[in-house]
Amino acid sequence: MILYEPIMIPSGMKDSLGRPSGSLLYIALAVLISAFTAAVLLLPYDTVYIQEETYLLWFLVVMSVCFAVFLLGMTANALLWMRGKGLAGTPEARLLLLVSRAVRTVFSRRLPGLLRTFLKEAMYTSKLRTLSRSRWLAHLLILGGFAAMLVLDVVVTICLDVFHWSPMIDSDGWAKLLMRDLAFDIAGLMMLVGLCMAIVRRLVLRPRQLATELADVASLSFLLIIVVGGFVLEGMGIDGAIPGHESENAYSFVGLAFSYVTPDSAGQYYDEAWLLHGVLSALFVAYIPFSKLFHMIAAPITITLEGLATREAGRR
Amino acid sequence: MKRLDISKLDVAALLGTDACVRCGECTLTCPTGGEAQDVELITPRGKLLRMRDFVKRQYGLRARLFGPKGIEDDELEEFSRRVYECTICGQCKVVCPAGLDTIGFWENMREFLVANDLGPLPPHQQIVKSIENYDNPWMQPRTQRPGWSKRLGKEVVIGDSLKERHEVLYFVGCTAAYDPNIRAMAEYTARVLARAGVDFGTLGNDEGCCGSTMMRTGLSDSTKGMVLRNIERFEKAAPALIVTSCAGCYKTIRQDYPKYGKLPAPVRHITEFVGDLIESGKLVPEARVDRTVTFHDPCHLGRHNGLYDQPRSILEAIPGLRIVEMERNRDDARCCGAGGGVKTAFPELANDISELRVADAESVGCEVLCTSCPFCYQSLKSAIASSGSEMEMVDLMELLWQSLQAPR
Ligand code: HEM
Ligand code: SF4
Ligand code: SF4
């Protein structure tokens, strides 16, 4: 397809460009998985909510395995794309070449256009907005909440376990209140509202273009279970005055609301619930490459490439 | 068990099967899957997900671990038929929120079918034979190609661009050259060009089929020779500009030829070229045409090439003409149903879709349905007849010609 060629898939991509051996890909994957596992297992977790160490270890092991499955699944999908026409070499070698091309494209004069297209068309999903405002809003809430949650997780973990930053650790520290309590709750609430809108649309409003199948129900249900589970867990923590949740502050407003619904005795099972929520979240990560949710990787690529191609064709 | 060869599928198409979010926006406006038949498998979502299923069954992780699964012949045949029922109108590309270049996908999917002996369909094969033997899809001898210009008599002299150089090379295209019902398109194009004093010529007998039909049915690999032959003739003619009146030839020469070789001159559609002639005052439509007209955007002009304003600017220049827009216009225009080889293989389906478009035009109360593509012209004209409409089908150059006559 000509539109894609100028950007990422040059038709003249020949072996002569220097074909990296396919095994390099697997070495890179092994390094990435080992690095992630090492980081996950070696962090001190001094300030984690869960008290039961064996549960924590279980979670960390499951998370590491799930991350490996996620990466391998993604790679398997991408290798399948590489069986298509236009490129020389084994699928592994093609994938490496293409990744290096993509990196070069990102760090080229195309960067500003690429970034603008990515933010406007892939993240803000501008086309979806023109099709249906409510559909767009529901999705933006899910996407935005998910992305915010991901960023928060990384930032908070680094602040806590690498820098031992007290405003993030102290139970009334400003960073703790604003990020670990408020921001997480807002991100979760965004997802919850978005998911409820999507579910109502799918099951109640049922517009003609929707065909609800297992793939759709599974993705929505999985997300919903994790998000609601997270809030129930927070409510249980507040019920049981778990360290970090003892202050009953209004910053964790959604968790607080859930704590009114769950019985106070629920706090006793906090550690078990934490493990369940953790394992489910890890399984969700592993599920992404094999589900409809893989679009969160594939769609931004197609949207950005198409947007960039259109933009560049228009300028020519 | 058939093992599908996926090496003909574009990387982008394979990626697209994973990027489709099953949103179904494309199913609402797909003229053939959604509107005329309500068959999920023809819709973009249906085709992409079925393709994904086939590919996963034979090349996915499970297939690699436990061996590929077979696909029944019936299933493959049904898939092939459904893929060929798509008119490649590009409506799905306009709405797809996952940014899929479906136009490219569908053409590529047909190449994949051909590589796996699943396409093209028997009616397409007849046309292919004709192109291979006669250099046109209509089984007409090469010597008849310039026959369209007979009615012009001595009024307009058509230059031979292979004998002497002319500024503009008019690429007539097989349909306007041979189909007696459509020859008027070429005729009025020539009249308009001559009226503007354009120095133009054609390739006469030596014009070869542009290859569009072959490319749209998945036979791109077999078109290379034809394309290169035409490019060679273009080089010999050495014009400053190539002009086509056929939207299909325009798309093919503009978008596909550069993949095979360098074009010696830029190519423009007649609506772009004539629009400029009017703007620069070289053509002045003076006679009033007191009629109500609506313009049907050919897919190959509009969605495939972004030419929406040019034909409208010509209509706006005609005095007296009342222009009304159909509810679905520009990039939302409903396809006429003929493209992508559908009219050849599924004439009834094509006519059903054309009748929907005629109804669109009827509903805005126009007398004249105007377009600028021989295929749209042909299909809409027969759908006007089959649906008992009173509207008149007119080519844009013919309408313009009416206004270029001395005012009465
Ligand atoms: C990063 C770029 C992303 C793009 C371009 C994108 C695009 C889309 C589009 C166009 C739809 C169809 C609209 C709809 O069904 O309402 C969709 C559906 C969906 N997306 Fe995304 N998405 C992205 C990321 C994400 C992320 C990060 C998540 C969160 C986990 C997500 C979760 C969903 C879900 C659950 C649906 C189905 C909604 C339903 O069933 O009604 N998406 N996506
Ligand atoms: S190109 Fe047109 S006919 Fe083909 S799938 Fe898309 S909308 Fe339907
Ligand atoms: S509009 Fe695009 S993403 Fe949505 S179902 Fe159709 S092809 Fe898939």
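Tutor: Please bear in mind that this is a predicted model. A:E306 is buried, at a relative accessible area of 8%. The side chain of A:E306 meets that of B:K93 in a salt bridge, with 3.1 Å from N to O. Because A:E306 belongs to helix α12 of chain A and B:K93 to helix α7 (residues 91-95) of chain B, the pair joins two chains.

Student: Which residue does B:R288 bridge to?

Tutor: B:R288 forms a salt bridge with B:D290, and their closest N and O atoms are 2.8 Å apart. B:R288 counts as exposed, at 58% relative accessibility, and B:D290 is partly exposed, at 43%.

Student: Which residues are linked in a network of salt bridges?

Tutor: That network consists of A:R202, A:E213, A:D216, A:K292 and B:R22.

Student: Let us move to the metal. Which protein donors does the iron atom of ligand 1 have?

Tutor: They are NE2 of A:H139 and NE2 of A:H295, at 1.9 to 2.0 Å from the iron atom. A:H139 is in helix α6 (residues 133-162) of chain A and A:H295 in helix α12 (residues 295-315) of chain A; the two are 156 residues apart, and the pair links distant parts of the chain.

Student: What is the geometry of the site of that iron atom?

Tutor: The site is octahedral, with 6 donor atoms and angles of 83 to 180° among them.

Student: And how accessible are the two histidines?

Tutor: A:H139 is partly exposed, with a relative accessible area of 25%. A:H295 counts as buried, at 13% relative accessibility.

Student: A change of topic: which residues make the nonpolar surface patch?

Tutor: The patch of about 1,000 Å² is made by A:L41, A:L42, A:L57, A:V61, A:V65, A:V69, A:F290, B:L61, B:L65 and B:F66. At least two residues each come from α1 (23-42) and α2 (53-81) of chain A and from α5 (61-66) of chain B. The largest share, 4 residues, is that of α2(A).

Student: Where is A:L41 placed?

Tutor: A:L41 is in helix α1 of chain A, and at 40% relative accessibility A:L41 counts as partly exposed.

Student: Finally, the sheet. What is the strand order in the open sheet of chain B?

Tutor: Its 4 strands run in the order β7-β6-β8-β9, with parallel pairing. The edge strands, β7 (322-323) and β9 (392-395), each pair on one side only.

Student: Over how many bridges do β6 and β8 pair?

Tutor: Strand β6 (residues 292-295) and strand β8 (residues 368-371), both of chain B, pair in the parallel sense over 3 bridges. B:T294, for instance, has B:L369 in β8(B) as its bridge partner.

Definitions and conventions: Residues numbered from 1 in each chain as written. Chains lettered and ligands numbered in written order. Predicted model: local features only at pLDDT ≥ 70, side-chain atom pairs only at ≥ 80, totals over all residues. Heavy atoms only, no water. Donors = N, O, S within 2.8 Å, 3.2 Å for Na, K, Ca; no water. Tetrahedral: all angles 85-135°; square planar, octahedral: opposite > 155°, others 65-115°. Buried < 20%, exposed > 50% of the residue type's maximum accessible area, 1.4 Å probe, protein only. Patch = residues over 30% accessible without salt bridge, like charges linked within 9 Å, V, L, I, M, F, W, Y side chains within 5 Å. Areas by Shrake-Rupley, 256 points an atom, 1.4 Å probe, with all protein chains shown as cover. Salt bridge = Lys/Arg side-chain N within 4 Å of Asp/Glu carboxyl O. Pairing = 2+ DSSP bridges.
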